[in-house]
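Colleague: I would like to go through this model and ask what stands behind the words used for it. Please set each value against its definition.

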Amino acid sequence: MRSAFLAALLILSGSGAIAAPPPGDAARALASADWSKMETVAVTMTEYTFSPAVVPLKVGVPTKLVLRNEGREHHYFVAEAFFQTIASRKIQGSDGEVKAPSFTAVEVYAGKSLEWFLVPMEAGTFELLCTVKGHADHGMKGTIQVR
Ligand SMILES: [Cu+2]
């Protein structure tokens with residue numbers, strides 16, 4: 001009983017150990033970003049796909065990532081390793097905006113969309129999935145490719 005609990009704790013702390021960029025790096029990336037040269041990348045979510053399945057982003061390029069839910073269910077956009085490597089300026093919707101240094105998940109309601117202003121800071125291939133129960137099993141997975 002106790003060892004199972006410990007193992008669970010270790011797994012949790014293990015996943016928390018993903019190296020986040022120091023806050024200073026994110027602040028610098030945001031401060032030096034030229035948003036007039038921003039690129040827009042849209043990801044559409046439906047039952048049960050992300051489209052495109054491979055989301056292309058570029059290191060150092062200020063990006064408006066548009067998350068559009070064109071389905072009838074709510075969907076999550078979760079890419080924890082990716083989230084650790086970006087500088088987030090804000091997430092904006094029709095009702096307001098949120099400024100926070102990092103996120104663990106972004107949920108988009110059916111028929112709604114959010115705009116995420118961010119700067120990718122590291123190249124890599126990152127797993128993307130919807131964490132609503134059963135959705136990833138139905139194929140709601142993708143990849144974020146930062147070059
Ligand atoms: Cu989903």
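Colleague: Why is Val146 called buried?

Modeller: Val146 has 21 C-beta neighbours inside 10 Å. A residue is buried if 20 or more other C-beta atoms lie within 10 Å of its own, exposed if 12 or fewer, and partly exposed in between, with C-beta atoms placed from the backbone. Val146 therefore counts as buried. This is a predicted model, in which local features need pLDDT of at least 70 and side-chain atom pairs count only at pLDDT 80 or more, while totals for chains, interfaces and linings use all residues. Residues are numbered from 1 along each chain as its sequence is written.

Colleague: Where is Val146 found, and which residues does Val146 touch?

Modeller: Val146 is found in strand β11; strands (E, at least two residues) and helices (H or I, at least four) are DSSP runs, numbered from the N terminus. Not counting residues up to four places away in sequence, Val146 touches Leu57, Val59, Pro120, Glu122, Ala123 and Gly124. Contact here requires C-beta atoms, placed from the backbone, within 7 Å. For Pro120, 26 residues away along the chain, the C-alpha separation from Val146 is 7.2 Å.

Colleague: What makes β3 and β10 edge strands?

Modeller: The open sheet has three strands in the order β3-β11-β10, with mixed pairing. β3 (54–57) and β10 (124–129) each have a single partner strand, so one side of each is left without a neighbour in the sheet. On average, neighbouring strands of this sheet are turned by 20 degrees against each other, direction ignored; the axes are lines fitted to C-alpha atoms, for helices over the stretch in contact, and angles run from 0 to 180 degrees between N-to-C directions.

Colleague: How do you know that β3 and β11 pair?

Modeller: Two strands pair if DSSP finds at least two bridges between them. Four bridges join β3 to β11 (residues 141–146), and the two run parallel. Val55 stands opposite Ile144 in β11.

Colleague: How many bridges hold β6 to β9, and how many to β7?

Modeller: β6 (residues 86–93) and β9 pair in the antiparallel sense over six bridges. With β7 (residues 96–98), β6 has three bridges, also antiparallel, and a hairpin of two residues joins β6 to β7. Ile91 has Trp116 as bridge partner in β9 and stands opposite Val98 in β7.

Colleague: What makes a set of residues a nonpolar core, and which members touch the most others?

Modeller: A nonpolar core is a set of buried Ala, Val, Leu, Ile, Met, Phe, Trp, Tyr and Cys residues joined through C-beta atoms within 7 Å. The largest one has 27 residues, of which Leu67, Leu118 and Ile144 touch the most other members. Strand β9 (residues 113–120) gives the largest share, five residues. Beyond four places in sequence, Ile144 touches Val55, Leu57, Ala79, Phe82, Phe126 and Leu128.

Colleague: Why does Met45 count as buried?

Modeller: Met45 has 25 C-beta neighbours inside 10 Å, so Met45 counts as buried. Met45 is found in strand β1 (residues 39–46), and its contacts beyond four places in sequence include Phe50, Leu67 and Val108.

Colleague: Where does pLDDT stay under 50?

Modeller: pLDDT, the predictor's confidence in each residue from 0 to 100, stays under 50 over residues 1–17, for which the model has zero contacts beyond four places in sequence. Where pLDDT is low, the predicted coordinates should not be read in detail. The mean pLDDT of the chain is 89, and 85% of its residues reach 70 or more.

How values were computed: Two residues are in contact if their C-beta atoms, placed from the backbone, lie within 7 Å.
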